[in-house]
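Me: I would like to learn how to read the features of a structure such as this one, taking them one after another. Could we begin with the way strands are paired?

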Amino acid sequence: MSPASKNKTEGCWPLARKQPTLWNRARILQSIRDFFTSRGFLEVETPQRIPSNAPEAYIVPLASGAWCLQTSPELCMKRLLAAGYPKLFQICHCFRQEERGNRHLPEFTLLEWYEAGADYRRQMRDCEDLLAALLPELELTWRGRRINLMPPWERLSVADAFDSYASCSLEEALEEERFDAIMGVEIEPRLGMLRPTLLYDYPAEKAALARRKASDPRFAERFELYILGMELANGFSELTDSQEQRRRFEDEERLRRSGGQTPYPLPEKFLEELAAMPNAAGIALGIDRLIMLLTDSSSIDDVVAFPPELL
Amino acid sequence: MYTCSDLRKGLKLMIEGEPYVIIQFDFTKPGKGQALYKCKMRNMLNGNIYDRTYRSGETFDEANLEDRSMQFLYKDESGYVFMDQQSYEQITLSEETLGDDHFFLIDNMEVKILTFNGQGIGVTLPNFVNLRIVKADPWIKGDTAAGNSKPATVESGYTLQVPSFVEEGEMIQIDTRTGEYVTRVKE
């Protein structure tokens, strides 16, 4: 075999071929920053390495010495809210062990925004506005499927989604502990196919940091955004009751430990300061997936320079 | 023993005593819920295809397949013929059994034939193979933007994306594990 030529233009093709997409990515990030800045949101940066995350049963943090890397910036964002910053956003890297697939990277980019005085319905409208700012033509084609982005988008409750798409009701799924399996296999792939779907009102036990609905405390004010079967964002009206938050964290931490995960202390400073936090809503949106949609890319690997296997 | 985090396209597993290869793999995690590992797998003995979804915590046995070093001889109506250079024994594999791997076979190529109870059920190719481009749009002068690509077809009939500066008639290197372009080869 003759040696491969290594002139300057040739370079490393798996990296070189991403140039057009990475230019697009940079422009999209700039537009997102412009969108929030023009609406009076303060862009912040908070540490990626923290003493502990909000414990969640199925999210595995990556250890970093005695501390860990953030799985989301939410604890620091909410401490800023509690300290009197009313509108905040952040674009940052987050780390979740064992998550790798066509739409998952163990190190990925998350956009989070928080607004004091807002609730989850306000943030559903933010999602509509953000996409309209990024795609003024209000139309998106991804993998040969076209979707209309004209607001208002479809709003579908989790209970109705089970009735429409699943082989059993929400109550049965919860009883048999099949909620995640049915959501992942029977429901999610069908959401947001003609226009985006805002799936809302999750069972309270599936929303560790969300406020319960005053009208029906079995449910929490949490929603997820789906476009063409892809989960893009998760938002909620924030729980501000420090004691209830502690109980829910203890439940999640118990689940984590029974699943053999590394124990972490509860985030005590956050729990202390939560009492001072105003009513607010917060949301996390997967930037890499959004860029997949906006650049018609089939894999998350196509929208970042270095998926882990290229390192 | 494999766990769910080992699952990926191309992995070979033993299920109920028969070898399977994962031909499509997808990791999903609904909302903040439990991870699901969706696999499309082919039974390596009868070619049947199954969809299975696994949850974290499940474990799998490795497929205990044997490798035999063999040489690819030629293709005829019966399929692709390989020979053991020590014993001169020949094994024929169908195009269906080989899947996309048949695109990367070159006469006299040394390969590993996977066998299960003596039966040939697949092939492990060298990681890289050189093939000549027989069809590609010409390079448009001025298209110098790095990263631009175009489709090209190589001598075996396989079509892939290559950088826009690669021309018809040139030899390229392909990664047989991913089926993707690696680099041009100087002759």
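Reply: Two strands pair if DSSP finds at least two bridges between them, and the strands themselves (E, at least two residues), like the helices (H or I, at least four residues), are DSSP runs numbered from the N terminus. This is a predicted model, in which local features need pLDDT of at least 70 and side-chain atom pairs count only at pLDDT 80 or more, while totals for chains, interfaces and linings use all residues. Residues are numbered from 1 along each chain as its sequence is written, chains are lettered from A and ligands numbered from 1 in the order in which they are written, and side-chain values use heavy atoms, with hydrogens and water left out. In chain B, strand β2 (residues 12-15) and strand β3 (residues 18-28) run antiparallel and are joined by four bridges, with Met14(B) standing opposite Pro19(B).

Me: What is the phi of Glu16(B) in the hairpin of β2(B) and β3(B)?

Reply: That hairpin has two residues between its strands, and Glu16(B) takes a positive phi near 50 degrees. On the way to the next strand, β3(B) is joined to β4(B) by eight bridges, again antiparallel, and Phe25(B) has Cys39(B) in β4(B) as its bridge partner.

Me: In which order do the six strands of the open sheet in chain B lie?

Reply: The order is β1-β6-β2-β3-β4-β5 in chain B, with antiparallel pairing. The edge strands are β1 (2-3) and β5 (49-55) of chain B, each of which pairs on one side only. Helix α7 (residues 179-187) of chain A packs on this sheet and touches β4 (36-43) and β5 of chain B, its direction making about 60 degrees with that of β4(B). Contact here means heavy atoms within 4.5 Å; axes are lines fitted to C-alpha atoms, for helices over the stretch in contact, and angles run from 0 to 180 degrees between N-to-C directions.

Me: What is the strand order in the open sheet of five strands, and what is its average twist?

Reply: That sheet, also in chain B, has the order β9-β8-β7-β10-β11 with antiparallel pairing. Its edge strands are β9 (90-93) and β11 (119-124) of chain B, and the twist averages 45 degrees from one strand to the next. Within it, six bridges join β7 (residues 66-76) of chain B to β10 (residues 110-116) of chain B, where Arg68(B) has Ile113(B) as its bridge partner.

Me: Why is strand β10 (residues 197-203) of chain A described as largely enclosed?

Reply: Buried means under 20% relative accessible area, exposed over 50%, and partly exposed in between (1.4 Å probe, protein chains only). Seven of the seven residues of β10(A) are buried, so this strand is largely enclosed by the rest of the structure. It pairs in the parallel sense with β9 (residues 154-157) of chain A over four bridges, and six bridges join β10(A) to the antiparallel β11 (residues 219-227) of chain A, where Tyr202(A) stands opposite Ala220(A).

Me: How are two packed helices described?

Reply: Two packed helices are described by the angle between their axes and the distance between the axes. Helix α2 (residues 19-38) and helix α10 (residues 287-294), both of chain A, pack at about 115 degrees with their axes 11 Å apart. Among the residues that meet there are Leu29(A) and Ile32(A) in α2(A), and Leu290(A) and Ile291(A) in α10(A).

Me: Which residues touch the most other members of the largest nonpolar core?

Reply: In soluble globular proteins, nonpolar side chains tend to be buried together. A nonpolar core is a set of buried Ala, Val, Leu, Ile, Met, Phe, Trp, Tyr and Cys residues joined through side-chain atoms within 4.5 Å. The largest one has 48 residues, of which Ile32(A), Phe36(A), Leu111(A), Trp113(A), Leu130(A) and Ile227(A) touch the most other members. Its largest share, six residues, comes from helix α4 (residues 120-134) of chain A. Apart from this core lies another, of 31 residues, including Tyr80(B) and Ile172(B).

Me: How many disulfides are there over all chains?

Reply: A disulfide is a pair of cysteine sulfur atoms within 2.5 Å, and by this rule the count over all chains is zero. For Cys92(A), the closest cysteine sulfur is that of Cys94(A) at 4.1 Å, too far for a bond. Cys92(A) is buried, with a relative accessible area of 6%, whereas Cys12(A), at 40%, counts as partly exposed.
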